[in-house]
Amino acid sequence: MPAPVLLVEDDPLLLKRLTSLMLRMGYAEVDLMAANSLAAARPLLERMGAHGPGLALVDLGLPDGNGCDLISEMRDTFAQLPIMVVSAWSSQDSILAALRAGASGYVCKERDDFEVTLSIRGAVRGAVHIEPPIARHILDALEQVRPQSRAALSNVERQVLDRVIDGLSHREIAAQLLLERTDVERHIRDVCTKFHIGARAMPPRLQ
């Protein structure tokens, strides 16, 4: 797993939880750099130098602003950096804003430790974790603008999205569809690539 890890979280309990998850994933405490605000995170990034962090976990609701601003700054500087949002905000607008800013994925704090851990590992591998509002957004956009464009989704991609909408975790989707979890991640990544989810400039049909 890439190091160091930047943890940007102002809730002490969640920061403790994330720290514990990172340690269980094999990181040492010296690999973890925590900040509770945008103002605290930026000097840490400067100290990391040109290579930056190996992984960043960012909350959105910070005391001095929105984590999307920091995500955008990091994406501009570190193009390949895996940036995972771990947040209580679960609205379509907040998730889309984070993905547009350059987040690699988005997982809600309500997910259990195992699912959060798998989502983080997936982000490092290049997978994209999306929550139900984004899957619903994709299908609604296809229906409203060009109903025939639903054919752009394969049958299995549609099945995966339907189950994301239902709130199933990736491992639950894999079990239902008799797939490997990595296959589920691949299908979600392919859908996001098709419809530019996560890109800075999203096409009109998904605005």
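## Close-ups of a predicted model

**View 1. Strand E1 (residues 5-8) and E2 pair in the parallel sense over 4 bridges.** Strands here are DSSP runs of E with at least two residues, helices are runs of H or I with at least four, and both are numbered from the N terminus. Two strands count as paired if DSSP finds at least two bridges between them. Across this pair, Val 8 of the chain has Ala 35 in E2 as its bridge partner. A quick word on ground rules: this is a predicted model, in which local features need pLDDT of at least 70 and side-chain atom pairs count only at pLDDT 80 or more, while totals for chains, interfaces and linings use all residues. Residues are numbered from 1 along each chain as its sequence is written, and side-chain values use heavy atoms, with hydrogens and water left out.

**View 2. Here is the whole sheet, an open one of 5 strands with parallel pairing.** Read across, the order is E2-E1-E3-E6-E7. Strand E2 (32-35) and strand E7 (105-108) are the edges, each pairing on one side only. From one strand to the next, the twist averages 20 degrees.

**View 3. Now zoom in on strand E3 (residues 55-58).** Leu 55 and Leu 57 point one way from E3, Ala 56 and Val 58 point the other way, and all are buried. Buried is under 20% relative accessible area, exposed is over 50%, and partly exposed is in between, using a 1.4 Å probe and protein chains only. E1 and E3 pair in the parallel sense over 4 bridges, with Val 5 opposite Leu 55. E3 is also joined to strand E6 (residues 83-87) by 3 bridges, and these two run parallel. On that side, Ala 56 has Ile 83 in E6 as its bridge partner.

**View 4. Helix H2 (residues 38-48) packs with helix H3 (residues 67-77).** Their axes are 10 Å apart and the packing angle is about 15 degrees. Axes are lines fitted to C-alpha atoms, for helices over the stretch in contact, and angles run from 0 to 180 degrees between N-to-C directions. H2 and H3 are therefore roughly parallel to each other, a label for angles under 35 degrees. The crossing of H2 past H3 is right-handed, which is to say the near helix is turned clockwise from the far one by less than a right angle. On the H2 side, Leu 38, Ala 41, Arg 42 and Leu 45 meet Gly 67, Asp 69, Leu 70, Glu 73 and Met 74 of H3. By class, that contact of H2 with H3 has 5 nonpolar, 1 polar and 3 charged residues. For the classes, Ala, Val, Leu, Ile, Met, Phe, Trp, Tyr, Cys and Pro are nonpolar, Asp, Glu, Lys and Arg are charged, and the others, Gly among them, are polar. H2 also lies across E1 and E2, running at about 150 degrees to E2. Contact throughout means heavy atoms within 4.5 Å.

**View 5. Helix H1 (residues 12-24) crosses helix H5 (residues 113-125) at roughly 65 degrees.** The two axes come within 11 Å, and H1 passes H5 in a right-handed crossing. Arg 17, Leu 21, Met 22 and Arg 24 of H1 meet Asp 113, Val 116, Thr 117 and Ile 120 of H5. The contact of H1 with H5 divides into 4 nonpolar, 1 polar and 3 charged residues.

**View 6. Phe 114 sits in helix H5, and Ser 169 sits in the loop between helix H7 (155-165) and H8.** Phe 114 is partly exposed, at a relative accessible area of 46%. Although 57 residues separate Phe 114 from Arg 171 in sequence, they are 9.9 Å apart in space, C-alpha to C-alpha. Ser 169 is buried, with a relative accessible area of 5%. Leaving aside residues up to four places away in sequence, Ser 169 touches Arg 111 and Glu 115.

View 7. Most residues other than glycine have a negative phi, and most peptide bonds are trans. Ala 3 and Pro 4, however, are joined by a cis peptide bond with omega of about -5 degrees, and Pro 4 lies in the segment before E1. Leu 178, not a glycine, has a positive phi of about 60 degrees. Leu 178 belongs to the loop between helix H8 (170-177) and helix H9 (181-194), and is exposed at 76% relative accessible area.

How values were computed: Parallel < 35°, antiparallel > 145°, perpendicular 65-115°, else oblique.
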